[in-house]
Amino acid sequence: MANAPPVDLPFARRLPKVELHAHLTGSISRACLHAIWETRRQQDPDLQLDDPLVAIPPGKVDYHVQTFFPLFSSYIYKLCDDLPSIVFSTRRVLEDFQADGVVYVELRTTPRAIPSRDITKDDYVKTILDVLREHNEQKSNTMRAFLILSIDRRNTAAEAQEVVDLALKYRNGGVVGVDLCGNPAKGDVSLYTDAFNRVKAAGLKITLHFAEIADSGTDDELNTLLSWQPDRLGHVIHVNSSFQERIKKENIGVELCMSCNVHAKLITGTFSDHHFGFWRDTSVPVALCTDDVGVFCSPLSQEYYLAATHFGLDRAQLIELAQRPIASIFTGASERRRLESTFKHWSD
Ligand code: IMP
Ligand code: ZN
């Protein structure tokens, strides 16, 4: 590849990619939300919800902590509140990732009950797993998809245990781990110690949103989170050198979401200031991730392209970077072998 041309977007799209940090509902495109809204409006002309193209204007990506979380609770969850919408949007999310060259995805979602429609959290999880299975069984699909269940920082300890119950119930049906997500300005994470200890004891994997904002980056919180022995950490922003050293020593995978961090102003500065610049020079498994492509509008191919542009990576370096997450996938040996073989046989 000595004389290869510089990385461009088509190259980043063709490159096989592994996505490890993508929230299902946050990955629904505006176009898909709009299609759901049109269907819902045909069924119910009195539907009291704005068109998504008005509620979430195309091109708007400057959501921050105060405006981001309400977007879900006060809008998207109200729009996608029946099983047909959940099935339709999950299929579209899978199609979108695959069309972008993603060959392996661990989607994550917070189990959601919709009492007005008689939908339990179990129904919600089972419905999504059915869509994932249908996708994985289709031989022509080049991407395989798995599910992580999220505990939200607003959950009670009992609700967190309910998420763990579901993860254990469906561990042979596609659930590979448990996450802690939600508004980082809320909650006391020590509430979930018993729940995550149960996840670990059962041999399921753990990923945690880690030090997203200064308030969730206190020594107390980070010590509690690390005591659960997580396998991967998301964001990893407000982390001092002693925690960086611990992450390196324990070889914990890091999930880095550049566009989300820049647009939501979770970091100071811009892409070239992103802490990817620090983690890329360590030996931990680094995974570039989208977080919420439906909100921040930067598909995984663009995250790789941005890394190449702002950190001066050539094609060979980008191919190497794309393989780094393989060491931290939650599924195990057979998927690891499939991914290694995909890269081995891939040539541009
Ligand atoms: P869902 O879990 O599939 O419903 O995806 C949307 C949910 O993911 C939101 O309600 C948030 O709780 C969570 N989420 C999405 N992005 C972030 C993030 O950057 N930090 C923490 N939580 C997030
Ligand atoms: Zn996230």
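Author: The largest pocket has a volume of about 780 Å³. This is a predicted model, where local features need pLDDT of at least 70, side-chain atom pairs count only at pLDDT 80 or more, and totals for chains, interfaces and linings use all residues. Residues are numbered from 1 along each chain as its sequence is written, chains are lettered from A and ligands numbered from 1 in the order in which they are written, and side-chain values use heavy atoms, with hydrogens and water left out.

Reader: Which element gives the most to the lining of the largest pocket?

Author: A pocket here is an open set of points on a 1 Å grid over the protein atoms alone, where a 1.4 Å probe fits, with protein on both sides within 12 Å along at least five of seven lines; lining residues have an atom within 4 Å of a point. The volume is the space filled by probe spheres set on the points, which are joined across faces, edges and corners. Helix 4, strand 2 (102-109) and strand 3 each give two or more residues to the lining. The most, seven residues, come from helix 4.

Reader: In what order do the eight strands of the open sheet run?

Author: Helices (H or I, at least four residues) and strands (E, at least two) are DSSP runs, numbered from the N terminus. Two strands pair if DSSP finds at least two bridges between them. The edge strands, pairing on one side only, are strand 1 (17-23) and strand 8 (286-288). The pairing is parallel, and the order is 1-2-3-4-5-6-7-8.

Reader: Which residue in strand 8 stands opposite Leu-256?

Author: Strand 7 (residues 253-256) and strand 8 run parallel, joined by three bridges. Opposite Leu-256 stands Leu-288.

Reader: Is Ser-216 buried or exposed?

Author: Ser-216 lies in the loop between strand 5 and helix 9. Buried means under 20% relative accessible area, exposed over 50%, partly exposed in between (1.4 Å probe, protein chains only). At a relative accessible area of 2%, Ser-216 is buried.
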